Amino acid sequence: MEMACQLQRPLGCKVATMDCSRLRIRPTIGVLNSLESNDLAIARTVAPMRASSDNSRKRPRKSAIPRTNVSAPKGFAPRPQVGRSTQKKDRDPDEEEQSGSSQSIKSRTKLSDDGEARGQVDADLELVEKLYSNEDERDEIGTMMLEETIVYDDENFEKGRVRNDESLQQEKISEFSGNSCLGASKVQGQMEKLVITENHKAAGYNKKVGVAMVEDDASIGQYDGQSELYDVSSTEKKVEMEAQARRKFLEGLANENFASGIKFFVFPKVIKADQMIEVFFNRALSLLANEPDVFISGAFNNWRWKNFTEKMRRSDLNGDWWSCQIYVPKEAYKMDFVFFNGGNVYENNNLNDFSKPVEGEMDEYAFEDLLLEEQRRGLEKIAAEQAEKERVVEEQRRREVERDVMDTIRTQAKFEVKKMQEACQRVMTSAVESVDGLWHIEHSLFKGKNVIRLFYNRKSRALEHSSNIWIHGGYNNWIEGLSIIERLNKSEKYDGWWYVDVVLPDGALILDWVFADGPPQQAKVYDNNSYQDFHAVIPKGLSEKEIFWLEEEDRIFKKLWEERRLKEEAARKKAEKTARLKAETKERTFKRFLLSQKHVVYTEPLYIQAGKMVRVLYNPFNTVLNGKEEVWFKCSFNRWTHPNGPLPPQKMVNVGTGPHLQAIVEVPLDAYIMDFVFSEREDGGVYDNKNGMDYHFPVTGGISKVEPLHIIHVAVEMAPIAKVGGLGDVVTSLSRAVQDLGHKVDIVLPKYDCLKFDHVKDFCYHVSFGWGGTEIKVWRGKVEGLSVYFLEPQNRMFDVGCIYGRNNDRDRFGFFCHAALEFLHHSGFCPDILHCHDWSSAPVAWLFKEHYYKQSGLGSTGVIFTIHNLEFGAHQIGKAMSYTDKATTVSHTYAKEVSRNPVISAHLYKFHGIVNGIDPDLWDPYNDNFIPVSYTSENVIVGRKAAKEALQQRLGLKNSNHPLVGIITRLTVQKGIHLIKHAIWRTLESNGQIVLLGSAPDPRIQQDFVNLANQLHSSHSGNVRLCLTYDEPLSHLIYAAADFILVPSIFEPCGLTQLIAMRYGSIPVVRKTGGLYDTVFDVDDDKERAQSLGLEPNGFSFDGTDSSGVDYALNRALSAWYHRREWFELLCKRVMEQDWSWNRPALDYIELYYAARK
């Protein structure tokens, strides 16, 4: 077939061609390296070469024929669409553009006749014209093809290069990218041709449609008498020779592998990332010898990246060789694959699979990072989708609530209007238009206006002798209160009468009024119709009353809706501020937690980021490694469970001339915590492992999250439903803090008959089981957001009206502990931690280890035992210490104070002091309903002033500007009652005020304080009040109002009073003991101690147990109030900003929980 096309101008030539120029396109049979089996090439004419003196110096042109590393032999399948969308993004932008263009070309109709072919060529030439319209591009086009014979050698063949025998000049063939439908070529420089192929199938294989060469029958153009054209026959010859050389090379590889019994080979021999390869498989040498179909199935990087399955085709190589093309992604460092028949017959290298290494930028470690990054992106996408779903659900919920509220408000507006209608109706029965001789209304004076003139005769009335008369009025039974105030004038028309012009509001049905001798706030004498008021019917209003009531309903609705909106807006802003303050406090505490070990170890940066480098700085001077010649750093991640295992030991190096040593670590993307210890040698020796706890630093920004622990508390107290002392507060507050950190917490508690069930939500029956000779019913509910199981023995052991105080308390609580473990066992619980408290639930420790530890699901459970007060149940505490995995008490100093006790001293290696915290939601002056003004540290002075005035008014104290000392305590010997009495008298002597709230469990002590109260209330009634009871709302007001809170305990394991006081901006005055010493730092004596813990001084403290110690602290406190008021107010602000919540203790307890399980 031969076809002529009119060419308007040569592509790449600026001058016009002669009108007689024609193109001839004739089909040829051949193979072009860069083409797939269905490609048609369009060749372009070459611009005439301009003769010039520097022509020989021009740079060599690139090959006009793009070639790839790979040519598809007869029988090959089209290149599979392997990979993901991410590959597409990684392609070169130029390649993307070429790919898009080729897609456009390839989508054209196939050539089936001369007319179609002519239209196709014209369109393609037009496209070529566009691609090469740029002048610079035209200069690059038209490289002359060399006519010398082209030969191949093995090395250059695989590299995609050809060699010219005469000049050994190498021309690089374009690399095949596998992504473009335009032969999928990455063309170096500018293309000389566009290539399109068309698939012609016959006799079971693909016919090759060769390059359509362009011939010119006439002269195309002439410059200086010369014109140059491509030698088409030379190009065809090269194509043929390339195909033959390639086939010969592949035949050699096939014969070599077959002779060695190797079942497969790949071409190129060295697989490189981001390229197409050909896989050849010899069916005859495999288990698939008799199978009609052959498939290859594989993936990359140990089967972890981009699976593929391709059907192989019989190749044109000699022998039973089958082949297909596979794209190797740029992320590959290894290719894994097997062959099979499409069913269940496999050739898998004797179950070992086949694999080939891939050269590229990726290796095993880089690939792990890539997977983690992919996982992070996936998690971020999931999180974003989840957030959007939650937003949509929340928006839908908000709209539903809004609709419900709107209906409620509309109903309320209708109800209000109905009430007003009924009230108006009652008034209208007594309303008239005039009363003879007393008052009347004239309407006619103001026709068309909403004004009436009201006449009043004061004769024989209460205002008979008044010189001024005023009307105080309203309308519709005073619907808007007092809205009409006018002065009456003397009437010239009626002797002795007075009048006033009244403007009636729209919708007025009834006019309501009284007369007075002056305006509001000044009037003394009234004429109010014998307390019935005056009422007059407005005739015009009666005709519009239906409209008025509809408008009134709408007005009330809008008013209520606006009130709700403003209330919700205020609540939203307050909630946002509360959340912000909590987050800021938590952030400060977390930073202090990270810096708490800086004297031993810290990191740079302080906040460790996943996927980043971190420098660990260690000071062995303060550890067991002091003086060692070497220090080795041993590290891992995720509580030593990271899949890559521990990092190789790293010898630490000096940092400058200081005492610190350093090690640098790359933190993996899937880390959520960094774990490390230090040793004197690479292989061990002496270790610094933080007394068996190891060092752990949190990692942020990772894709892996900490696996939540499951903690179960077994306790006999829980605030607020069963609280006697601080134990109940700790159980609730610690549990909430740990749960807020993402862990699961349950509590098991006796079901007392004195429980405060109004604080239990969703209370319901759960299950029953038999144990100890009785049935035990288990109930379930929510307390302060915590899941609680209540055990109720049917022997009524806990139906005694109290928590403590029975002669058989030890037996009752021992029974409860054993029943609690039975319940957990029968219910299939597998907690990570069992946490028991004080003597009352101490039996859990030994009962669990003796009877349940080895039972199914409980073998990995750790036991934590907390001592809240060693004064009670020493025997049970000592036995629990022997069995527990870790033990705690409620402050560092108290742990030291009891360390010599025989029940403790033998177990110091597992004994830790952790300071208690307070619940920041329960004790929050910004959201406290028991104080008159909400406040934060920003307005602490204003809020506390209002609270003091409210307390003085409530308790009958003088409203005076004097220091106020508060005492909130149980009146026991432990609390220092003799020091309390002395402080009361000392405060009164200093012209201060004092308030005590508390009661004594001992009747003798209670009576003693009753007598003291009577004496003080008599002698100092305006400055002292002793409230000898328990009153929680009053305690909130005292904390907010008192300038100082006194806590003179003889011993105090922790103490919460001083912590709550600081939360409210009240300054603590305490004795140095236990937790009081750990939390209160004297403004004069403890500056360095506070600074070492990242704190500032926050109170006044004293030693000793006599009155002189109290005087030392109290005198300084009162003097500061009197003489250093500005400094004192700054101190109030400072203590409010310190965090004494469970934020920090919860982190310490979680570390202990993990250590108990290790």
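This is a predicted model: local features need pLDDT of at least 70, side-chain atom pairs count only at pLDDT 80 or more; totals for chains, interfaces and linings use all residues.
Close-up 1. Once the neighbours within four places in sequence are left aside, Val-686 is in contact with Val-624, Leu-625, Lys-628, Phe-678, Ser-679 and Glu-680. Val-686 itself belongs to strand S40, which covers residues 684-688, and its relative accessible area of 30% makes Val-686 partly exposed, since the buried class ends under 20% and the exposed class begins over 50%.

**Close-up 2. The open six-stranded sheet.** The six strands of this open sheet follow the order S53-S52-S51-S54-S55-S56 and pair in parallel. The edges are formed by strand S53 (1024-1027) and strand S56 (1100-1102), each of which has a single partner strand, so that one side of each is left without a neighbour in the sheet. From one strand to the next, the twist averages 15°. Within the sheet, strand S54 (residues 1044-1047) runs parallel to strand S55 (residues 1067-1071) and is joined to S55 by four bridges; in one of the pairings between these strands, Ile-1045 has Pro-1068 of S55 as its bridge partner.

**Close-up 3. Helices H17 and H20 against the sheet.** Helix H17 (residues 940-955) packs on the sheet, where it touches strand S51 (964-968), strand S52 (993-997) and S53, and the direction of H17 makes about 75° with that of S52. Helix H20 (residues 1032-1041) lies across S51, S52, S53 and S54, and runs at about 145° to S51.

**Close-up 4. The packing of helix H10 with helix H26.** Helix H10 (residues 726-740) packs with helix H26 (residues 1143-1157) at an angle of about 80°, the two axes being 9 Å apart. Because of this angle, H10 is roughly perpendicular to H26. On the H10 side the contact is made by Leu-734, Ala-737 and Val-738, and on the H26 side by Ala-1146, Tyr-1149, Ile-1150 and Tyr-1153. The residues of this contact comprise seven nonpolar ones, with no polar and no charged residue among them.

**Close-up 5. Helix H24 and its buried residues.** Helix H24, made of the 17 residues 1107-1123, reaches 23 Å from its first C-alpha to its last, which is close to the 24 Å expected at 1.5 Å a residue. The buried residues in H24 are Gly-1109, Val-1110, Asp-1111, Ala-1113, Leu-1114, Arg-1116, Ala-1117, Leu-1118, Ala-1120 and Trp-1121.

How values were computed: Residues are numbered from 1 along each chain as its sequence is written. Side-chain values use heavy atoms; hydrogens and water are left out. Axes are lines fitted to C-alpha atoms, for helices over the stretch in contact, and angles run from 0 to 180 degrees between N-to-C directions. Helices (H or I, at least four residues) and strands (E, at least two) are DSSP runs, numbered from the N terminus. Angles under 35 degrees count as roughly parallel, over 145 as roughly antiparallel, 65 to 115 as roughly perpendicular and the rest as oblique. Contact means heavy atoms within 4.5 Å. Ala, Val, Leu, Ile, Met, Phe, Trp, Tyr, Cys and Pro count as nonpolar, Asp, Glu, Lys and Arg as charged, and the others, Gly among them, as polar. The expected span of a helix is 1.5 Å times one less than its number of residues. Buried means under 20% relative accessible area, exposed over 50%, partly exposed in between (1.4 Å probe, protein chains only). Two strands pair if DSSP finds at least two bridges between them.
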